[in-house]
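Trainee: I would like to learn how to read a sheet and a chain interface. Could you walk me through them?

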Amino acid sequence: MKKITVISGKGGTGKTTVVANLSYLFNDLVLADCDVDAPNLHLLLNPENRDAEVFKSNKLAVKDQSKCTDCGICYDVCRFNAVDSISYDIDSYKCEGCGVCVAMCPEDALTLKLLDTGEIYNSTTRFGPMVHASLKIGSDNSGKLVSEVREKAAQKAEKLNKDLVLIDGSPGIGCPVISSITGVDLVLFVTEPSKSGFSDLKRVAQVIKHFNIPALAVINKYDINEKISKEIENYLKEEEIELVGKISFSSDIVDSLRNAELIVEKDQNNNVSREIKFIWKKINKRLKNLN
Amino acid sequence: MKIAVTAENNNGFESKVNTHFGRAPYFAVVDTETDNIELIKNEAANASGGAGVSAAQLIADRGVDVLISGSVGPKAYTALSSGNIEMYIIQQGTVREAVDSFKGDKLSQLNSPNGTPRK
Amino acid sequence: MKITVLSGKGGTGKTTVSVNLALSIENVQLLDADVEEPNLQYFLHPIFDKEESIYRKIPEVDQQKCTSCRKCVDFCEYNALSMMIDEVLVFPEICHSCGGCKLICPENAITETDRELGVLKHAKSEYNVDFWQGELNIGEESSVPVIEALKKKIDPDKDIIIDAQPGTTCPTIEAVVDSDYGLLVTEPTPFGLSDLKLAAKLMDELKIPYGVIINRAEKDSNYIIEDYCNINDIDILLRIPFKRKYAQLYSEGIPFVQKEKELKNHFRKVFKQVRSVVDEKNHSN
């Protein structure tokens, strides 16, 4: 069983669209949407039979008002400005669940409570099972929910004897991205030829470099700026990241997105479909060479 | 000596090996002198962050001398090294196979975190 | 007046809106609060004239005073401390700087040192915009302290535009929480709609007025966003059309209003509309 994570650093480069279209081409796999903050993959793959499980991980300090003597020690010790200076109420967005006020309260009026932080979903798509999740608004995305999604997807693949887990990774450069890629066999970068896109590619590539996972890349909308595309190609060569394809900028793909369709399914002769199919073939080749 | 092997499931010596240390569901702790095995649930796997550090603490507290796993993150590696716990690599098989391979000197030692070289 | 530009999803055009809006009005200060990946710099070509480090506190253990009681290890919610062969190890990257271990140590064996978390940089940009950029150091987890420090740079005599991190988690909340208005940027696709709903929900919870800007707008797809906004009584302040030319300008880091003066007028109009909503709200309070 092999695992591939698709990441982009910056949002909006086309990561989820690429994952969805690759799913059609792979046809029989397990999917994991690790963009738990703003999950999108389900919009293209229409999963069914959604089985939801509550996920708890963030903690919050909770006050038993009857024990509180308004001494204000909680306010004094809180490093996160989470205690109101007058009412000594706890701000649930700012509270990080560190437990200092709980430990320091002389009246034992505070406890740490485990909160509902999000939900994990087990669904099925046309191409196989899909594990996805959503994080409650204002929750801290520590990467733990991402790990849970990955773990469940891997278990599903083991149980059903599937050869591939395809992971739509978290955007950014922090813990959620790292949780998206640890222990996978291949990382696929989807990047775009803009100054900010290139800068974000470099940042995320630097972050995951020491994990020593073979990396591939796709330049999406490459013809928007062929000069920057070339700069990215040179960079990829220096970093030993294999460029597996370039996708042209096309309103056709925007049309297919609007209708929540997969371009490789709807219009196989389209340039973009051909380019994605080429990428898929290259990924397959790399997967075979991993052994 | 005591050996800990990261495991997928709770099936004694037949438990399947799990590759990543910090969030492995179980640790199989084997006493090589008595051949006694104990399967402990890895509570550290529930941590939001620092699962590897917490897992290292867990096995160090059990007096483990050797860890057999697939990959160990940088912080866990630092913690385990400080605790003089040696680390060896295994990618698949059962706990029994892992322990036997270790005894037969067949396993490579992990000398740096996330030790699998880029393919 | 403080306006925060946000989006439920990355890549919708938040940077585009922040930059072009700032360049269309006078007496403005622009803050880049997307501290994990600050991108406004690619459009402003700033020459930084000030740099300030932001620090957080990390525990340091005096091993001589330590009696190996392990109270600190057991207390830490983040597994940033461990005890290996009678020595306490500290893992700064996952430490949340709560100060708890220091308070809880019965031997006073823990002191604190500073660790750089990020930097704030200032520039008077190419277009004469007063610009502050927040940057989180790679490997650091918590953006919030950098954003808090960034907000302290707000010039009360100017109109402020804050470019927030995409999404709806804590760093976004920190950027928008004391703003007068939120500009929610979206695109007319199912992705854009799905993530717009998250951002709108956040703004409703924070009780801050907001309006929508549709980027990459197209006659045939706008309904995806328009229908939702109509039903929920949300103002759509601007539709920036999907144009290949805009994508090219964006890739080069050229703000659109530099090439299309007409667009400048549109952004000015957006600003005026926001101003009247905010004035009305302040008036009725």
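Predicted model: local features only at pLDDT ≥ 70, side-chain atom pairs only at ≥ 80, totals over all residues.

Trainee: In what order do the 9 strands of the open sheet in chain A lie?

Mentor: Strands of a sheet pair through backbone hydrogen bonds, either parallel or antiparallel. Here the order is E3-E4-E5-E2-E6-E1-E7-E8-E9 (chain A), with mixed pairing. Strands are DSSP runs of E, at least two residues, and helices are runs of H or I, at least four, numbered from the N terminus; two strands pair if DSSP finds at least two bridges between them. E3 (48-63) and E9 (242-247) of chain A are the edge strands, each pairing on one side only.

Trainee: How many bridges join E3(A) to E4(A)?

Mentor: There are 12, and the two strands run antiparallel. A:Glu48 faces A:Thr124 in E4(A).

Trainee: Which residues of chain C meet chain A, by type?

Mentor: Contact means C-beta atoms, placed from the backbone, within 7 Å. By that rule, 45 residues of chain C touch 47 of chain A. H7(C) gives the largest share of chain C's side, 8 residues. That side has 17 nonpolar, 19 polar and 9 charged residues, where Ala, Val, Leu, Ile, Met, Phe, Trp, Tyr, Cys and Pro are nonpolar, Asp, Glu, Lys and Arg charged, and the others, Gly among them, polar.

Key
Residues numbered from 1 in each chain as written. Chains lettered and ligands numbered in written order. Contact = placed C-beta atoms within 7 Å.
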